[in-house]
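I wanted to know which residues they hide and what lies over them.

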Number of protein chains: 2
Amino acid sequence: MASDGSKPSPELLEEFSQFFRLLSEPARLQLLCELKQGPQDVAALIGATGFSQSHISRQLSQLQRAGLVCCERDGVRAIWRTDDDVVEDLCNLVQNHFMQRLEQQLKQLQAVP
Amino acid sequence: MASDGSKPSPELLEEFSQFFRLLSEPARLQLLCELKQGPQDVAALIGATGFSQSHISRQLSQLQRAGLVCCERDGVRAIWRTDDDVVEDLCNLVQNHFMQRLEQQLKQLQAVP
DNA sequence: GTCGTTTATGCGCTTACAGTCATAAGGGTG
DNA sequence: CACCCTTATGACTGTAAGCGCATAAACGAC
């Protein structure tokens with residue numbers, strides 16, 4: 001990383017890993033995907049994912065701490081939304097990595113006999 | 001994600017999360033950073049990180065399965081290397097996210113009084 | 001005020017995995 | 001062959017965190 005040959009500090013490394021840990025849980029990724037469709041309250045997310053209310057609430061607050069989602073309150077209702085494209089960009093990069101890896105494996109198989 | 005409004009399949013979501021899980025451990029990120037400096041064997045990585053030999057070996061094989069590192073054997077010695085820039089690109093995106101977030105917070109604080 | 005609804009949180013269970021130690025496996029050297 | 005060096009792996013422990021249940025807190029409707 002850092003492309004200039006320098007190594008990132010342990011603190012930065014820790015922050016990176018914490019951020020990636022957020023995305024290492026399918027449940028949280030799924031919630032982010034659902035919110036990409038548009039702002040929703042927890043009830044709608046329960047319907048879309050099947051997770052328990054408490055679970056969803058917890059995961060959303062984790063994502064909120066990282067600035068990946070935010071909510072505006074309508075009385076007691078909380079409407080959650082995501083206005084950040086980082087996760088989408090990250091996933092696209094990873095997907096490209098998957099594809100390049102598969103193409104490479106395919107080539108190696110084709111090259112033998 | 002998918003930017004066309006469609007939601008990725010549960011299987012793809014699972015693969016994404018597994019990949020991010022790899023990066024959710026500071027030890028693995030650090031190993032990747034060390035290998036960015038140039039190919040090394042396990043002994044050199046022990047010296048650079050202070051981790052135990054078995055720990056390093058395990059983490060490297062996890063990274064290898066994901067195609068993030070590979071090793072060429074020199075007799076019994078294993079020289080590990082990373083020739084993929086995905087992780088670096090991912091970290092740069094995340095770092096931009098951090099910076100934008102901090103700038104936004106700064107603006108909000110400046111706007112108040 | 002009471003009641004119903006929506007979200008947040010304390011508690012407990014359970015699973016996953018980082019990390020260590022000891023050991024095995026594979027290769028070099030005499 | 002025996003001996004040493006390097007890496008991989010089985011067994012184990014401790015801890016972090018997902019997940020649900022029950023409950024509390026906050027707000028609106030009556």
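**Entry 1: H4 of chain B.** I am working with a predicted model. I began with helix H4(B), residues 53-65. I counted 13 residues there. From first C-alpha to last, H4(B) reaches 19 Å, close to the 18 Å expected at 1.5 Å a residue.

Which residues of H4(B) are buried? I found Ile56(B), Gln59(B), Leu60(B) and Leu63(B). They cover an arc of only 100° around the axis, so they sit on the same side of H4(B). I recalled the general rule: an α-helix has 3.6 residues a turn, so residues three or four places apart point the same way.

Next I checked the face turned away from the buried side of H4(B). Arg58(B) and Arg65(B) are exposed there.

What covers the buried residues of H4(B)? My list includes helices H1 (10-22), H2 (26-36) and H3 (42-49) of chain B, along with strand S2 (77-81) of that chain.

I then stepped just past the end of H4(B). Gly67(B) takes a positive phi of about 80° there.

**Entry 2: H3 of chain A.** I moved to helix H3(A), residues 42-49. Val42(A), Leu45(A) and Thr49(A) are buried in it. Down the helix axis, these buried residues fall within an arc of 55°, so they line one face of H3(A).

Their cover includes helix H2 (26-36), helix H4 (53-65) and strand S2 (77-81) of chain A.

Which residue just after H3(A) takes a positive phi? I noted Gly50(A), at about 85°.

Note on methods: Residues numbered from 1 in each chain as written. Chains lettered and ligands numbered in written order. Predicted model: local features only at pLDDT ≥ 70, side-chain atom pairs only at ≥ 80, totals over all residues. Heavy atoms only, no water. Helix = DSSP H or I, 4+ residues; strand = E, 2+ residues; numbered from the N terminus. Expected span 1.5 Å × (residues − 1). Buried < 20%, exposed > 50% of the residue type's maximum accessible area, 1.4 Å probe, protein only. Arc of directions from axis to C-beta. Contact = heavy atoms within 4.5 Å.
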